[in-house]
Amino acid sequence: MTEPGPARRRGRPSRTRTEGGPDTRQLILAAAREEFAERGFEKTSVRGIAKAAGVDPALVHHYFGTKEQVFAASIEMAFAPALQAPAAVEDGPLDAVGERLTRFIFGIWENPATRAPLLAIVRSAVNNDTAAAVFRRLIAAQLFSRLARRLDVPEQEAELRVSLAAAQLVGTALLRYVIKAEPLASADAEDVISRLAPVVQRHLTGP
């Protein structure tokens with residue numbers, strides 16, 4: 001009758017990894033996304049992420065470094081589909097890029113599987129300056145600059161155009177999916193895309 005208790009106590013350390021394995025990094029990232037989604041950036045700690053992942057906190061530092069770096073890595077993984085957006089610019093003529101890009105971004109937001117991690121990221125970025133800086137740095141480096149290089153205008157002008165297009169898309173997504181402002185939140189996605197795409201097109205290629 002006394003054996004089950006000690007067996008459970010001896011079992012706990014085995015669930016807390018002190019050495020990395022082939023799946024350790026992914027376990028930490030998955031736990032980090034859940035922690036950031038549930039608690040936000042400020043209330044999430046490296047120790048909490050480690051506990052949720054079942055690993056020693058030293059492994060979190062080993063794989064990622066600081067909490068900001070864990071957050072950046074979780075953004076990169078969750079936002080990976082959106083970082084494919086340059087393909088929407090590269091494939092096809094530039095005079096239809098607004099609709100292709102708008103449809104691509106809304107496809108990500110309309111998909112529940114990709115919407116959940118994006119909501120967690122945006123909420124953290126909106127509520128915390130450090131998280132917002134990480135978000136801006138990642139998106140500017142991996143999305144804005146790549147899109148801007150596709151436009152046949154001077155570099156500074158291209159960057160401004162892409163930023164304005166992104167602001168249009170992100171702002172609409174924020175109101176529709178995060179703030180859930182009506183009637184935008186319940187509007188038909190195709191209707192929203194058809195109205196928004198020409199505005200995005202003008203930012204990118206208009207006069």
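Student: In this predicted model, why is Glu99 called partly exposed?

Tutor: Glu99 has a relative accessible area of 42%, and because buried means under 20% and exposed means over 50%, with partly exposed in between, Glu99 counts as partly exposed.

Student: What makes the pairing of Glu99 and Arg103 a salt bridge?

Tutor: The side chains of Glu99 and Arg103 meet at 3.3 Å, N to O, and since a salt bridge asks for a nitrogen of Lys or Arg within 4 Å of a carboxyl oxygen of Asp or Glu, the pair qualifies. Both residues lie in helix α7, 4 residues apart, and are therefore separated by about one helical turn.

Student: Which residues are linked with Arg103 in a network of salt bridges?

Tutor: Glu99, Arg103 and Glu190 are linked in that network, for Glu190 also forms a salt bridge with Arg103, with the closest N and O atoms 2.8 Å apart.

Student: How do you know whether Arg161 is buried or exposed?

Tutor: Arg161 has a relative accessible area of 10%, and because the cut-off for buried is under 20%, Arg161 is buried. The side chain of Arg161 meets that of Glu157 in a salt bridge, while Glu157, at 32% relative accessibility, counts as partly exposed.

Student: Why are α2 and α8 called roughly parallel?

Tutor: Helices α2 and α8 pack at an angle of about 15°, and because angles under 35 degrees count as roughly parallel, the two are described that way.

Notes:
Residues numbered from 1 in each chain as written. Predicted model: local features only at pLDDT ≥ 70, side-chain atom pairs only at ≥ 80, totals over all residues. Heavy atoms only, no water. Axes fitted to C-alpha atoms, helices over the stretch in contact; angles between N-to-C directions. Parallel < 35°, antiparallel > 145°, perpendicular 65-115°, else oblique. Buried < 20%, exposed > 50% of the residue type's maximum accessible area, 1.4 Å probe, protein only.
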